[in-house]
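Subject: Structure handover

Hello,

Here is the structure for your files. My notes on what was found in it follow below.

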Amino acid sequence: MYADVVARGIENLSNMCDERARMLQDQFNVSMNHVHALAILVSTFHHGKNQSAIDQKTFEDFTARTTFERPLMSGVAYALKVLHSEREQFEQQHGWKIKKMEAGDQSLVHDYNPEKLEPSPVQDEYAPVIFSQETVKHIISVDMMSGKEDHDNILRSRATGKGALTSPFKLLKSNHLGVVLTFTVYKYDLPPNATPEERIHATMGYLGASFDVPSLVDKLLEQLASKQKIVVKLYDTTNHTSPIKMYGSDFSSSGDLQHISNIDFGDPTRKHEMHCRFKHEP
Ligand code: WA2
């Protein structure tokens, strides 16, 4: 019966879509937990000791050796909270100036060179990157609060004490859409019911990870059999009247059947969906 064939098709499609959505969600979740653990590592061995046990070299070595723990992250970095009154001393101590993030297209050009970035204009406070994984070394000395998405994410993460995820945006030195995940590092342990003001006051810095969506989702889907049979798209549906496509091309989808699987990336203020269709049999 034709109806049976269709019903089996729908079931196949929803199983394959749910499997992919769950794999992505699980890999994101383990990656996120490890980024959280890195924030605790920085708190313990950088801020928690009279003499810090972490410098750029240590951070680079440790994050390179533990990349397998963060399969969906292209790089991690640590930015310090610096008030304007502390800026001069901070710059003297580090031997470099706090730089402004290049806006939009300028960050995409191939000769992007952080040495040539402008100093950050005067602000109440800054979030310069002091440690980074080798893969995102170009953000060292850049004020993460000078980029809109990073700025908003930092504020949300530190006011809540939870991991915060940005909307998709073009990452620096990349042609791809990505998202950034941020955990705040505090001076001391805060009770779960601490107020946003108490949290902001206790903030030391921000441990962030970037997720280069197209290349890392490709890598994940390639590990699955029957990749040829279905077309996968990933959307940020936080604003459900204008979803943002994060992954998947415009023209490759076809066929009438579509299945939508929900994905939970661990930030309750963001919503994501995976949309799957069969590829047309030639
Ligand atoms: N990391 C890598 N590439 C980026 C980026 C970023 N943010 N922003 C734009 N392109 C150090 O939340 C603190 C990482 C931000 C953390």
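The largest nonpolar core in this predicted model holds 48 residues, and those with the most contacts inside it are Leu24, Tyr78 and Phe211. Helix α1, which covers residues 2–47, gives the most to this core, with 11 residues. There is also a second, separate core of 14 residues. Among its members are Ala77, Leu117, Val129 and Val136.

Next, the cysteines. The count comes to one disulfide. It is formed by Cys17 and Cys276, whose sulfur atoms are 2.1 Å apart. The cut-off for a disulfide is 2.5 Å between the sulfur atoms, so the pair at 2.1 Å qualifies. The two partners are in distant parts of the chain: Cys17 is in helix α1, Cys276 is in strand β12 (residues 272–278), and 259 residues separate them. The torsion about the S-S bond of Cys17 and Cys276 is about 80°, so the disulfide is right-handed. As for accessibility, Cys17 counts as buried because its relative accessibility is 0%. Cys276 is likewise buried, with a relative accessible area of 0%.

The other item is the ligand. Which residues come nearest to the ligand, of the 13 around it? They are Asp150, Leu172, Thr182, Gly208 and Ser210. For three of these residues I have atom-to-atom distances:

- Asp150: an N or O atom of the side chain is 2.6 Å from a nitrogen atom of the ligand.
- Leu172: a backbone N or O atom is 2.9 Å from a nitrogen atom of the ligand.
- Thr182: an N or O atom of the side chain is 2.8 Å from an oxygen atom of the ligand.

Taken alone, the ligand exposes 410 Å², and the protein buries 98% of that area.

Where does the shell around the ligand come from? At least two residues each are supplied by α4 (148–160), β7 (177–186) and β8 (203–212). The largest share is that of β8, with three residues. Sorted by class, the shell has nine nonpolar, three polar and one charged residues. Asp counts as charged, so Asp150, one of the residues that come nearest to the ligand, is the charged member of the shell.

Regards

Definitions and conventions. Residues are numbered from 1 along each chain as its sequence is written. This is a predicted model: local features need pLDDT of at least 70, side-chain atom pairs count only at pLDDT 80 or more; totals for chains, interfaces and linings use all residues. Side-chain values use heavy atoms; hydrogens and water are left out. A nonpolar core is a set of buried Ala, Val, Leu, Ile, Met, Phe, Trp, Tyr and Cys residues joined through side-chain atoms within 4.5 Å. Buried means under 20% relative accessible area, exposed over 50%, partly exposed in between (1.4 Å probe, protein chains only). Helices (H or I, at least four residues) and strands (E, at least two) are DSSP runs, numbered from the N terminus. A residue is near a molecule or strand if one of its heavy atoms lies within 4 Å of it. A polar contact is a pair of N or O atoms within 3.5 Å; within protein, one must be able to donate a hydrogen and the other to accept it, and residues adjacent in sequence count only if both atoms are side-chain atoms. Accessible areas come from the Shrake-Rupley method with a 1.4 Å probe; for residues, only the protein chains shown count as cover.
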